[in-house]
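Subject: Structure for you to look at

Hi,

Here is the structure I promised to pass on.

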Number of protein chains: 4
Amino acid sequence: MQRFALLGAGFIGSVHAASLAANPDVDFALVYDVDQGRAKALADAHGTRPAADLAEAFDRDAVDAVFIASSTNTHAENLRRAADAGVAALCEKPIDLDLGHAVEVVRYATDRSARAMVNFNRRFDRDYAELKRVVDAGEVGDVELVQLTTRGPQMPPLAYIAVSGGQMRDQTVHFFDLARWISGLDPVEVFAAGATLAEPRLADYGDVDTSVVTLRLPGGALVQIDSARRTGYGYDERIEVLGSAGMVEARRQRAGAVTRYHAGRVVDDGLHAGWFERVRPTYAAALDAFVTALDTGVSPSPSLEDGLRAQAIAEAATRSLASGRTERIEY
Amino acid sequence: MQRFALLGAGFIGSVHAASLAANPDVDFALVYDVDQGRAKALADAHGTRPAADLAEAFDRDAVDAVFIASSTNTHAENLRRAADAGVAALCEKPIDLDLGHAVEVVRYATDRSARAMVNFNRRFDRDYAELKRVVDAGEVGDVELVQLTTRGPQMPPLAYIAVSGGQMRDQTVHFFDLARWISGLDPVEVFAAGATLAEPRLADYGDVDTSVVTLRLPGGALVQIDSARRTGYGYDERIEVLGSAGMVEARRQRAGAVTRYHAGRVVDDGLHAGWFERVRPTYAAALDAFVTALDTGVSPSPSLEDGLRAQAIAEAATRSLASGRTERIEY
Amino acid sequence: MQRFALLGAGFIGSVHAASLAANPDVDFALVYDVDQGRAKALADAHGTRPAADLAEAFDRDAVDAVFIASSTNTHAENLRRAADAGVAALCEKPIDLDLGHAVEVVRYATDRSARAMVNFNRRFDRDYAELKRVVDAGEVGDVELVQLTTRGPQMPPLAYIAVSGGQMRDQTVHFFDLARWISGLDPVEVFAAGATLAEPRLADYGDVDTSVVTLRLPGGALVQIDSARRTGYGYDERIEVLGSAGMVEARRQRAGAVTRYHAGRVVDDGLHAGWFERVRPTYAAALDAFVTALDTGVSPSPSLEDGLRAQAIAEAATRSLASGRTERIEY
Amino acid sequence: MQRFALLGAGFIGSVHAASLAANPDVDFALVYDVDQGRAKALADAHGTRPAADLAEAFDRDAVDAVFIASSTNTHAENLRRAADAGVAALCEKPIDLDLGHAVEVVRYATDRSARAMVNFNRRFDRDYAELKRVVDAGEVGDVELVQLTTRGPQMPPLAYIAVSGGQMRDQTVHFFDLARWISGLDPVEVFAAGATLAEPRLADYGDVDTSVVTLRLPGGALVQIDSARRTGYGYDERIEVLGSAGMVEARRQRAGAVTRYHAGRVVDDGLHAGWFERVRPTYAAALDAFVTALDTGVSPSPSLEDGLRAQAIAEAATRSLASGRTERIEY
């Protein structure tokens, strides 16, 4: 039984609170939030209690692990505290929007043998896990071309965009991680092209809402990622992997399995309305994997290093958007 | 090269004319129709010529085979002539609407070793043939439950209904044949329930437009067939076969493979608008099979006997509709 | 907040315990089981406590509702107790395997204005609920033909079969209920044909493992239900409703959305391995609906009367299996 | 009725011969091939006759149009002859592998008001035509991102590769045309990345077998094209268009509609084995369109200019493969 403190009681914190409460191998001990009322309300809803202060959440006598779901700019500091306290950490991405700073804190944590996992929850999607299994089993041969699609239903608010780090660091980064994870390789170079088609004001932020990324893997295999902020038709993710001996695809998921037949057309249920409906089951699965790693003493995965590498790709992709050139990826 | 005379230059005759013209192993020699102008027009369109009279179409020196696509009430007589002349015959179903009469002419033809095939064209559908192959290969084990759906887009005219013999003999009969062919068994009893939901005036003809048939096969396996005259959503056929080791399905065919994604719904291309769009390729394939049988000296299949057996099931099903009871099928 | 006592701590009881524990509008007060150790273990797992005896579970001061998940032969008696105590009841089906007895207890409960719901959980399946919505909205016009498929992955043990009441009362009954619910009509007559193809020893129990049922609805519309105990390919349910203006289908659900492309074949994820994986989300949804009904003071649905009517169809279907004839359904 | 001479009696010539023979608005007058025996054999098979020499095929008194299906290096010269003779021309792509030469001959033909069409047959694919209709009707709003996939089942022989002009000019060029046609826009710049994964010896030819292309359209919309020479799973084409108001996709086509259900997996029919099976119906449709244009006096489309523009994109893409940089497209 792992005793958890949850840091952050906002939307994503409340999602993790439900996972912590439902997980039979977790003792959901504490909730911390800078807004104490919010912490208390969330704790009450799940039969646990708010932490008196941040220090209590890192008290090694009462807590085995923290779930870092606080605001992005506190991730690094909380990771550092966890490393200091000898408390394990499951950390929302990114480690820090500033890659240099992120590298530093990861080095700090690693030097202290911190047990930590970055929450790239899509790795725990049922379909992506099966696709990975198929690839690893060699069922499609050597990976030659990977295609990933990530498209959100509508533009986030500009206030969100302003602090997001841009499409590559905020949205596409999950798929940089998936590309690495599925292929088992670190891309060596990246070309990105983007446009502001859904929201022209993004140009003021040096950001794009629609983009196409090409990655080259060691050995020459290629990866394509298209990202869009606003689809008009719901939340859309898909992955396909072309290999030397076949192809495997994690299809667009539909919200249901009802089909209506009318003259000249067949109408199926649409995609999920938003990202949360689509990926909801991955959160509990990611937590499960983290707890299992702690219970069994293996290193949690994806590691902090995995978090850094996805960020490194996002950095190079962001540079490419600006330069219009292929950029080397530095890890 | 088989020399063919086509009997009948109506709609279905014109379909067969195109198949005869396109088949590289066929010499399309003659067209006969009681309406000589119609025969001439169809012959001209395909670079062949009209027969002077019916006798010419059965002239063994000039013709190897006839394609009987004349009106239903002439099928039996034309089969008899073919048997007399030693000309092979590919005959549209039914052999005769009167089963007794049909039995007689088949016996006549068989006594004369006539080479003849009844044109149950659905057996030559690409998907049904594959489904049959899967079943025969034992991939689903022993057949336990067969489900067939046959639904037309709209009510035929009442004038057609009046001479059609009713839904069982006219529409469902194709699926009685498919059930026999797929299972390799002759059903022993039948229960049918029907209703006049699409066109109440069918009741005046003792006919139904919507029906459900249950067949029992020797050994106990069951067959379900639902037939409807008017769907509102296009032409709909499907078959599934549940066996002891799996299931195989020939799915509803779509007219195309375009998908439109909108908020909350996904819109695919609909089913085919009518039966002809759906089964069109089967006609050429059926002709091919007949020609190949003639070329290689094997018995054409489906045989006239197959035609009789499907009709015998239709007779019993028609009786069951009236009696409300399970009826034995007499072959 | 409704205070619940759970009756029964077996497999299905443990499923309901999880739903009770997770439901924010439920106070999960007590667990009762004839096996006190089992009750305690389940209570402990969900932070609640075992009842000292059955009487405590019906104590109106401590309990608002009971969830009857005890063995089938105790359902009726527990419903009676709930009616006596003024405690609401959510009752697993069937009310009683003996229809006469079931009618009696429902009359008893109704006379006492008991608030009760029979747990036909499939009505709360996301896809079936959507299909029902489409039908009710008139999107397919008048219902003309309903097709339902219910197929389990493997034969239950013979010991289970012996006390199950047979395929109609045990398996198909859920789909009798769905047919009533979807069409809004009570079938007037039934024809059933069955066979023992998967397990010949079923014949010793007067039971079948594969069957086809035809129901006639008032007005003439038809319903087809095929039931199989053992598929070899997983758990299979589907429903389609043909109406005068279109068709709607709740498709076979797949366990995932991964597709593998190889030469000559495309391999998708299979169906769910068992019934529980397939219908799992319906249990929480059914409980939700019951709690909402209690909270808002509306009559819970499906009602005990709905339970009786589905059973009445199952009785007539069972008679038809034996008689080989169409049977009237008596409500 | 348009009188046609067919130039070229090789594989693709024989495909076009069948279309010419079957088209009711075509008088299939002549076949020319440098190999006179091959011309005669093909003519005989379709009831037409071989041309005595090339001049006869351009005799304006006997011929209204030529179908240029001769070897690639003769296309330009035959187009020039057609322009001189006042004979219409349907010309296989490319006009000439050398873009400069192609531009010259198109200018020559245009100056003489030649009626000519370049045979980008995929525009006449049923699904692509419907996708285009959906886009043009505004059903997905403004085009923002187009994704095209073109993958062949196996490596062509190296001898073919050597004279093909490379993947961009030989394979991807069809999809450059489709991208222009669907979006209605001429791409302004291109980035291409490629690799030799299926056949390392391609490197000797400066060619690639696997590639990813990004095009930027005026206004900023993006196009992704992935091309592969060898899939291992059949012939694979698909297109999707993301717009501001939805998305439309022409899905991977399957060779049939049969599904097999087994424990844990569902097996559908695979993709088509080769390109010809997949695109076969487009040839007759393209011919139809050409004939209709001639009959009605409208300009045939796709025009020679369309042919040049697709080639211009292929040129720039080929340069990008070598330079590793984004290249401007010069028309």
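Which residue of chain C forms a salt bridge with B:Glu240? The partner is C:Arg252, and the closest N and O atoms of the pair are 3.0 Å apart. Keep in mind that this is a predicted model, so please read everything below as computed from it.

That pair belongs to a group: the count between chain C and chain B is six salt bridges. There are also twelve residue pairs in polar contact between these two chains, with both residues at pLDDT 80 or more. On chain C, the strands E7 (143–151), E8 (189–195), E9 (210–216), E10 (222–228), E11 (236–243) and E12 (246–250) each supply at least two residues of the side that touches chain B. Sorted by class, that side of chain C has 14 nonpolar, 15 polar and ten charged residues.

Now for the area. Chain C and chain B bury about 3,000 Å² between them, with 56% of it on carbon and sulfur atoms. In chain C, the residues that lose the most area to chain B are C:Glu144, C:Leu197 and C:Val212, together 16% of what that side buries. Each chain brings 39 residues to the contact.

Cheers

Key
Residues numbered from 1 in each chain as written. Chains lettered and ligands numbered in written order. Predicted model: local features only at pLDDT ≥ 70, side-chain atom pairs only at ≥ 80, totals over all residues. Heavy atoms only, no water. Contact = heavy atoms within 4.5 Å. Buried area = accessible area lost by both parts, 1.4 Å probe. Salt bridge = Lys/Arg side-chain N within 4 Å of Asp/Glu carboxyl O. Polar contact = N/O pair within 3.5 Å; in protein donor to acceptor, adjacent residues only side chain to side chain. Helix = DSSP H or I, 4+ residues; strand = E, 2+ residues; numbered from the N terminus. Nonpolar A, V, L, I, M, F, W, Y, C, P; charged D, E, K, R; others polar.
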